[in-house]
Amino acid sequence: MSGTYLRKQIFIPQDHGSWVFIFSPLLIGLFAGKHFDLASLYLVIGAIGAFLLRQPIMIAVKAFSGRRSKTDLTAAGFWIAVYGIIILLALIGLVRAGFLYVLLLAVPGAPVFAWHLWLVSKREERKQVNVEIIATGVLALVAPAAYWVGMGRYDPMGWWLWILTWFQSAASIVYAYLRLEQREWMEVPARAEMWKAGQRAFAYTTFNLVSSLALGLASVLPRFVFIPYLVQWSETLWGIFHPAVKWKPVRIGMRQLIVSIMWTILFILFWKP
């Protein structure tokens, strides 16, 4: 029985790089909110539970579409029920604490997740960069949620946290795809070819850097919030001209993780409205 229900591929997301897309905005929102109480704990539990829930649901969809054995449905159903109960209890706690409006942030996630599950059923979920960018936008909504719960009230600044964390995640995804493309190259190409391949990643990080700098100078955002984006921009520029030819995916992933952690820490430090 334990072998049936405790297989980690059933109840833990296997795309390990995705964890940063939930924890980064969650931590940023919690620190920006400044106060951590029982309601904040409910939010953390609910957000992580929802993040974990997608794995057994995906397994169930794969089983129904013939991509996995039907025997996986029992374990998937068990974990769907476990995570569902945890999420429900967390939501009840948030509602009792007076944060019913925060739950509305989960609404955009439903159609995006349904779209992803449809792609899974068609075996077309891999290398869907635009879908992943939209999905991280949904995950980034946890930033304003944590911020409002910490503040104890609604504050429009929460929407800036959402946009800023989402755009960082989007740039990170585009850059990751560039690095994975580079590892398939047989040799280091000419600089013009390297630049052509990296234009989209460079455009994303440059937009983030310039926008955050301009909004800081205009006093719309904290003045030094551009610094974490400068780190990401520098990494992207370096990566374009130092291609990951024949790198192992784990090496690419670890470097991405380090940059994301640095970005998160710096954002928390310089977010001083």
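In which helix do tryptophan 159 and tryptophan 162 both lie, and how many residues apart are they?

Mentor: Both of those tryptophans lie in helix α9, three residues apart, or about one turn of the helix. Before going further, keep in mind that this is a predicted model.

Let's stay with that pair for a moment. Tryptophan 159 and tryptophan 162 form an edge-to-face aromatic pair, with 6.0 Å from centre to centre and 75° between the planes. The angle is over 60°, so the pair counts as edge-to-face. Tryptophan 159 is partly exposed, because its relative accessibility is 33%. The two rings also belong to a cluster linked by ring pairs, in which you'll find Phe99, Tyr101, Trp148, Tyr154, Trp159, Trp162, Trp166, Phe167 and Phe207. Across the whole structure, a search finds 20 aromatic pairs.

Now for the neighbours of the helix. Two packed helices are described by the angle between their axes and the distance between the axes. Take helix α7 to begin with, which covers residues 129-139, while α9 covers residues 157-182. Their axes come within 9 Å and cross at roughly 155°, so α7 and α9 are roughly antiparallel to each other. The crossing of α7 past α9 is right-handed. On the α7 side, the contact is made by Val129, Glu132, Ile133, Ile134, Thr136 and Gly137. On the α9 side, Trp162, Trp166, Ser169, Ala170, Ile173, Val174 and Tyr177 take part. Sorted by class, this contact has nine nonpolar, three polar and one charged residues. Notice Trp162 and Trp166 here: they are part of the contact with α7, and they also sit in the ring cluster.

Next comes helix α12, which spans residues 249-270. Its axis lies 11 Å from that of α9, and the two helices pack at an angle of about 160°. That makes α9 roughly antiparallel to α12, and the crossing is right-handed. From α9, the residues making the contact are Leu161, Leu164, Thr165, Gln168, Ser172, Tyr175, Ala176, Arg179 and Leu180. From α12, they are Ile252, Gln256, Ser260, Trp263 and Phe267. By class, you get eight nonpolar, five polar and one charged residues in the contact of α9 with α12.

Leaving aside residues up to four places away in sequence, glutamine 256 touches Ser172, Tyr175 and Ala176.

Glutamine 232 lies in helix α11, which runs over residues 226-241. At 5% relative accessibility, glutamine 232 is buried too. Its touching residues, again not counting those up to four places away in sequence, are Gln168, Ala171, Ser172, Thr205, Asn208 and Val259. Look for Ser172 when you turn the model: glutamine 232 touches Ser172, and so does glutamine 256.

Technical notes. Residues numbered from 1 in each chain as written. Predicted model: local features only at pLDDT ≥ 70, side-chain atom pairs only at ≥ 80, totals over all residues. Heavy atoms only, no water. Axes fitted to C-alpha atoms, helices over the stretch in contact; angles between N-to-C directions. Helix = DSSP H or I, 4+ residues; strand = E, 2+ residues; numbered from the N terminus. Parallel < 35°, antiparallel > 145°, perpendicular 65-115°, else oblique. Left-handed = near helix turned anticlockwise from the far one by under 90°. Contact = heavy atoms within 4.5 Å. Nonpolar A, V, L, I, M, F, W, Y, C, P; charged D, E, K, R; others polar. Phe/Tyr/Trp six-rings, centres within 6.5 Å; stacked < 30°, edge-to-face > 60°. Buried < 20%, exposed > 50% of the residue type's maximum accessible area, 1.4 Å probe, protein only.
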